[in-house]
Amino acid sequence: MMLLNALNYSLQSWFLGYWSSQYDSQPASSVSVSWFLSVYAGLLLSSMSIYSFAFTLWTFGSIRASQIIHRSFINSIMTSTFRWLDTTPTSRIIIRATADIRSIDDSLAFGIWRLIEASVTMFVNLGSIMIFAPLFLLPGVTIAMLAVSFGQMYLSAQLPLRRLMSINKAPILGNFAAAVAGLVSIRAFGAEDMFLKESRMRIDAWLRPGLPSFNVNRWIGIRVDALAGIFTAALGAYLVYGDNGTSAANTGFSMTMAVGFTSLTLIWIRIYNATELEANSLERVRHYLVIEHEDEAHSECVVPPAYWPASGALQVKGLCARYSKDGPEVLHDLTFFVRSGEHIGIVGRTGSGKSSLTLALLRAIPTSGQVLYDGISTEKLNLDVLRSNITISPQVPELLSGTLRSNLDPFSEHDDSRLNDALRSAGLFALQSQGNQLHTQDTKLGLDSEIRGGGSSNLSVGQRQIIALARAIVRENKLIIFDEATSSIDHETDSKIQDTLRHELGDDVTLITVAHRLGTVMDYDRIMVLDEGRIIEFDSPKRLLEKEGGVFRGLVDESADRAKLYAMVN
Ligand SMILES: Nc1ncnc2c1ncn2[C@@H]1O[C@H](COP(=O)(O)OP(=O)(O)OP(=O)(O)O)[C@@H](O)[C@H]1O
């Protein structure tokens, strides 16, 4: 359609010349103005229709393409491994999802349109010149080749400059985001100047390639304009003074085409350059499509029966885990069995693999060995199914910005009374009625309370843990993994949470608690002691305390609450 349109445009110019030449050969009164005007209007109308139709088609096509690219990009990020998310700066993902996606949506799609349009028009213009001045094929091609070689030099300088500008943008945002997140610490330590200086340095690095980029533009502008001037002047001289019998109308037509051709040369190089730069965005987004993904994140694999899981029994055989496929093993050959409804405490020194074990059960890190949850091997289970049937509450639970209701029940599956029951069971109302408002700015937390900044802006860690606990109760999963928060949670809240865990969970709900305070798990059914990724003890607290030289007994003996801990067991 663009070719048709360019031909039509060329025909219009020629037709005007043809019309005017009629007055040379016949009296003005015998030239039918209305006929010429109608034909010319017809040409204009068809040109407008073709262009509009083509542009509409292009616009809808590019929107569709953008949607597909955006969807693939978001899917890819959402199904990437935890490891990839850990090691990729968030600011980089944000730049991809905003600036790069915007380029693809807008500038790239439009750039490709303009590039095709300019290329086709130049091709038709040159072809039109050749009809009346075939001799000019050679100089035309020579000039085009010269312009292309200038263009290549220009691009090899301009592309890295623009790329530098684009690469240097993410660090500015990264520094800014870090500064905003750490504002309190920056002020407390009087480090404003340091951050300001760093920020200015990063802004300078971003802007520095700007001037050379502008100069490189001038460089190509002068050269291509000079070439265009030489070509048009030579063609004009040839048509006017050369002995070639071309009529005035056709000379005018050729000159119009020549001016069109040469003025497009520089524009073409600029569009090409801009489009290639925008295409970098596509390239960058494409890189994020081929990142590490979680195994069978999308596949249907094994679909368990509807009643599954009917119990919280967990059988683990030879479980090994590592954080990346080629990284060192952090869990070695763990084998154990947990009966449905048992409460298991996991203890061990820092770095012993407690959190890694919880991640391995959710298949959040690469594992080998077998984990049977209510008799079904989780290895081949669809990840969504597996994870929606296990509740994990990390040390600092993640909440979503929105209402408390949307956090407890993101898919609106339960009514308010159920949600309020869960909050009551989790101990929130009891705490509040004791006048313990913790750090909330609202008077009391309820289902409609606003959670800001993922909870970090207006909730204490204790409150977030209670909400996470209520969420676990709402989900009614048979396996709950609870990573106990350490010093950030007060004793009163902690004992409330432990109380709930003891009494509110059903008899068939298995609870695995990663304990940092031994007191938390002293009345649990069994304690697993981990050391360097291996189980070294796994028994009831009573028996572990009786074991001479036992590691758990050693931990209890080292503790300041020793007497209290012994009393709890006895
Ligand atoms: N994101 C990670 N990438 C690579 N290795 C990790 C990562 N997180 C933990 N590890 C390694 O895994 C091993 C076990 O760590 P893990 O976090 O499971 O210990 P932990 O017992 O939970 O410690 P803590 O009590 O401090 O939370 C450690 O050797 C640690 O270096």
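Residues 253-272 are 100% helix and 0% strand, with the end C-alpha atoms 27 Å apart; helices (H or I, at least four residues) and strands (E, at least two) are DSSP runs, numbered from the N terminus. This is a predicted model, in which local features need pLDDT of at least 70 and side-chain atom pairs count only at pLDDT 80 or more, while totals for chains, interfaces and linings use all residues. Numbering starts from 1 along each chain as its sequence is written.

Residues 35-61 likewise come out as 100% helix and 0% strand, and here the end C-alpha atoms sit 39 Å apart. Both stretches carry the feature "transmembrane region" in an unreviewed UniProt entry, which also places it at 123-150, 170-190 and 220-241. UniProt positions follow the numbering used here, feature names are shortened, and annotations may be inferred rather than shown by experiment.

Further along, an open sheet of 4 antiparallel strands runs in the order β2-β1-β4-β5, where pairing takes at least two DSSP bridges between two strands. Contact means C-beta atoms, placed from the backbone, within 7 Å; axes are lines fitted to C-alpha atoms, for helices over the stretch in contact, with angles from 0 to 180 degrees between N-to-C directions. Strand β1 (residues 314-322) pairs with β2 over 6 bridges, and Ala 321 faces Leu 331 of β2.

As for confidence, mean pLDDT (the predictor's per-residue confidence, from 0 to 100) is 86, and 95% of residues reach 70 or more. Residues 435-442 stay under 50, with 11 contacts beyond four places in sequence.

Technical notes: Contact = placed C-beta atoms within 7 Å.
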